[in-house]
Amino acid sequence: MSFVRDKFSTKFFLFLILAFLLIHVPILGNYVKVINTLIHESGHAFIALLGGNVERISLFMNSEGATYSNQSTWIGSFFTSLAGYTFASFMAFLSFLLIGRKKYILLIDILLGFIILNLLFWVRNPYGLFWLCSFVVGFLFLLIKGSQNLRDNLLLLIASILLVDSVQSAYEILYISIYQPQAAGDAANLARLTGIIPAPIWGVLFFFQALWFCYYGLKRGYYRLVK
């Protein structure tokens with residue numbers, strides 16, 4: 001019990017449960033899950049820019065997304081495919097790190113930076129544009145009109161959604177990579193690129209890296225949420 005008291009807080013559990021329930025609400029759940037999709041697809045885009053270019057990103061109503069890029073090298077394609085789930089897990093970890101260190105404004109700037117970059121340069125499909133505009137308007141309204149307590153809780157809820165959905169989406173790609181390996185998205189792409197490493201192995205890698213970021217956040221005490 002002392003381990004639980006040292007590493008977790010009741011508030012963390014409550015927000016984790018709230019995030020889990022929220023992402024499973026019909027329609028609304030898919031809407032809020034797009035924040036994790038945005039981070040995931042941005043991870044692909046950032047790495048793609050290192051050795052190629054990004055044509056566009058699409059964000060869909062079912063919470064899925066797609067990044068369309070051109071790569072000049074095999075290594076560029078490899079790391080671009082690898083980046084999505086890893087970047088999403090890292091951003092969930094980073095969000096709790098910043099909240100734990102009271103760096104709320106920096107976290108706000110990072111989230112708005114993702115939205116503005118995608119709005120200006122990459123996202124062009126109708127639902128993607130609707131989601132970006134509606135989310136940034138609602139986000140800014142709550143931040144400007146709301147109290148500091150509301151701001152802090154809103155950021156904690158977003159961080160919890162990122163954490164829950166980064167693990168859930170990594171588990172889903174693991175499941176798909178086992179039962180429908182050709183339809184396993186990034187895992188299928190990596191299997192085609194490597195030739196000898198099948199999609200389920202990449203699915204396992206994606207899932208365990210998500211768990212590792214959760215564990216490392218736990219080990220560092222970022223889930224204590226001490227005021």
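In this predicted model, the buried residues of helix H5 pack against helix H3 (28–51), strand S1 (52–59), helix H4 (74–100), helix H6 (126–145) and helix H7 (148–179). The buried set in H5 consists of Tyr-104, Leu-107, Ile-108, Leu-111, Leu-112, Phe-114, Ile-115, Asn-118 and Trp-122. Viewed down the axis of H5, these residues fall within an arc of 165°, so they line one face of the helix. Such a pattern has a simple background: an α-helix has 3.6 residues a turn, so residues three or four places apart point the same way. On the face of H5 turned away from the buried side sit the exposed residues Leu-120 and Phe-121. The length of H5 also fits expectation, because its 19 residues (104–122) should span 27 Å at 1.5 Å a residue, and the end C-alpha atoms lie 26 Å apart.

Helix H6 can be read in a similar way. Its 20 residues should span 28 Å at 1.5 Å a residue, and the end C-alpha atoms of H6 are 28 Å apart, which agrees. Buried in H6 are Tyr-127, Gly-128, Trp-131, Leu-132, Phe-135, Val-136, Phe-139 and Leu-143. These residues cover an arc of only 150° around the axis, which puts them on the same side of H6. H3, S1, H5 and H7 are among the elements that cover them. The face of H6 turned away from its buried side carries the exposed residues Pro-126, Val-137, Phe-141, Ile-144 and Lys-145.

Turning to charged side chains, the structure holds 2 salt bridges. Side chains of opposite charge can pair when their charged atoms come close.

Finally, the largest pocket has a volume of about 790 Å³. It is lined by 32 residues, of which His-40, Glu-41, Gly-65, Tyr-85 and Asp-186 are the closest to its centre. At least two lining residues of the largest pocket come from each of H3, strand S2 (65–71), H4, H7 and helix H8 (185–194). Of these elements, H3, H4 and H7 also pack against the buried residues of H5.

Definitions and conventions
Residues are numbered from 1 along each chain as its sequence is written. This is a predicted model: local features need pLDDT of at least 70, side-chain atom pairs count only at pLDDT 80 or more; totals for chains, interfaces and linings use all residues. Side-chain values use heavy atoms; hydrogens and water are left out. Helices (H or I, at least four residues) and strands (E, at least two) are DSSP runs, numbered from the N terminus. The expected span of a helix is 1.5 Å times one less than its number of residues. Buried means under 20% relative accessible area, exposed over 50%, partly exposed in between (1.4 Å probe, protein chains only). The arc is that of the directions from the helix axis to the C-beta atoms. Contact means heavy atoms within 4.5 Å. A salt bridge is a side-chain nitrogen of Lys or Arg within 4 Å of a carboxyl oxygen of Asp or Glu. On a 1 Å grid over the protein atoms alone, a cavity is a set of points where a 1.4 Å probe fits but cannot get out, and a pocket is an open set with protein on both sides within 12 Å along at least five of seven lines; lining residues have an atom within 4 Å of a point. Grid points are joined across faces, edges and corners, and a volume is the space filled by probe spheres set on the points.
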